[in-house]
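Reader: Please show me the structure. Then take me through its features one at a time.

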Amino acid sequence: MKLKRLVFLFAVLLFAIFTTGNAYSQEMIVAPKKVYEVPEENFGFIPPPLDLSHLTPTTYIFGATASSWDWRALGGVTSVKNQNPYGTCWCFAACGDLESKVLINELFTADYSELNIQACNPTSYHNCYTGGNAWISNNYLALFGSVNETCDPYPGGCPNPTCVNPACDFFKQIREWILIPNTVTAIKNAVQTYGPVYTSFYAGFAGFSSYDGTYCITYSGTESTNHAVVIVGWDDEMCSGNGAWIVKNSWGTGWGDNGYFYIQYGSARIGESSSVITRYVNYDPNEKIYYKDEYGWWMSVGYGDGHDWGLLELTHTTANEYLKKVSFSATGSTCSY
């Protein structure tokens, strides 16, 4: 009998420091969530509910010294797709991130199904207007994997698609992805080191929907981010020397500069909720993943004393399994993005 390899994949916060009236209270408390005001116009991105503004860059990211960088010229991005008219940008940005990593590392042009993430992810309620973020999409790509666009083509049955699994084969599974703080240096470093970066910004301002790609976008409003896209490079000389991100959108090649736009650093809150896939593997049908999570990070708990411990017990269901690895996520200025 062929033995199955076993993987534990779960999200556990091993520490949580929350301030309460009694700093040494042992009563478990829940971390407060950010107040999210849904913009009038939403393209599918919903920011993660927990405040991650304290994150700082890791020390192992190489320094970006170039004044410009463009993965289009380096053969590191796949074709521009079109999400319209549905709120599925978070799925398109996720596939754009993974496809670019496969192209850079394997010189293979993949086209993964955005609809499969939308329709088969339990949090989406199978509605193409529900929205999501990288926590949800990367969780799905880690637990299950990517499938080809040809097997589950977009838009399928949107706005209420049906999950076709297990009719489609899985190909790539995420094994590591990191969060990136919203600083120009940190994002540059991640783009140059790993490849195109998943990010968000506010896309509801006047003129963006009709952008023709001939100028650098600037917008000083502070509305909540509502659109997920992929940063593929930068140019410090653009925007009158203030610098701009080169960004891949998911509104087709007829929009912008063949589907791309250029936006000044910091404009429209570009760079918030940024992340990048740093490691993936081929799907292994003989591998079983045990997990306990919420298909995304939606809550944190702690005791307020600064020294908290977490324990998650998972029991295997099949005999003759080998434990291959244990994966978890942690966040803090000293241990990760």
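Reader: Which cysteine forms a disulfide with Cys 151, and how far apart are their sulfur atoms?

Author: First, the ground rules. This is a predicted model, where local features need pLDDT of at least 70 and side-chain atom pairs count only at pLDDT 80 or more, while totals for chains, interfaces and linings use all residues. Residues are numbered from 1 along each chain as its sequence is written, and side-chain values use heavy atoms, with hydrogens and water left out. A disulfide here is a pair of cysteine sulfur atoms within 2.5 Å. Cys 151 is bonded to Cys 168, with the sulfur atoms 2.0 Å apart. The torsion about this S-S bond is about -100°, so the disulfide is left-handed.

Reader: Where do Cys 151 and Cys 168 lie?

Author: Elements come from DSSP runs, numbered from the N terminus: helices are H or I with at least four residues, strands are E with at least two. Both Cys 151 and Cys 168 lie in the loop between α3 and β4, so the pair ties together parts 17 residues apart in sequence. For accessibility, buried means under 20% relative accessible area, exposed over 50%, and partly exposed in between, with a 1.4 Å probe and protein chains only. Cys 151 is partly exposed at 34%. Cys 168 is buried at 4%.

Reader: How many disulfides are there by this rule?

Author: The count is four. Counting bonded cysteines along the chain, the pattern is 1-5, 2-4, 3-6, 7-8. One of the links joins Cys 128 to Cys 158, at 2.0 Å from S to S. The S-S torsion of Cys 128 and Cys 158 is -70°, a left-handed link. Cys 128 is in the loop between α2 (114-120) and α3, and Cys 158 is in the loop between α3 and β4, 30 residues away. Both Cys 128 and Cys 158 are buried. Another link joins Cys 216 to Cys 239, with 1.5 Å from S to S.

Reader: Which residues does the cis peptide bond with omega about 5° join?

Author: Most peptide bonds are trans, and most residues other than glycine have a negative phi. The cis bond with omega about 5° joins Tyr 154 and Pro 155. The bond from Cys 158 to Pro 159 is also cis, with omega near 10°. Pro 155 sits in the loop between α3 (134-143) and β4 (172-180). Pro 159 is found in the loop between α3 and β4.

Reader: What is the phi of Asn 258?

Author: Asn 258 has a positive phi of about 55°, though it is not a glycine. Asn 258 counts as exposed, at 52%. Arg 269, likewise not a glycine, has a positive phi of about 60°. Arg 269 is partly exposed at 27%.

Reader: How many aromatic pairs are there?

Author: A ring pair is described by the distance of the centres and the angle of the planes. Rings of Phe, Tyr and Trp (its six-membered ring) pair if their centres lie within 6.5 Å; planes under 30 degrees apart are stacked, over 60 edge-to-face, the rest tilted. The count is 22 aromatic pairs. In one of them, Phe 201 and Phe 208 have centres 5.3 Å apart and planes at 70°, so the pair is edge-to-face. Phe 201 is buried at 0%, and Phe 208 is buried at 0%. Phe 205 and Tyr 219 are stacked, at 4.5 Å between centres and 15° between planes.
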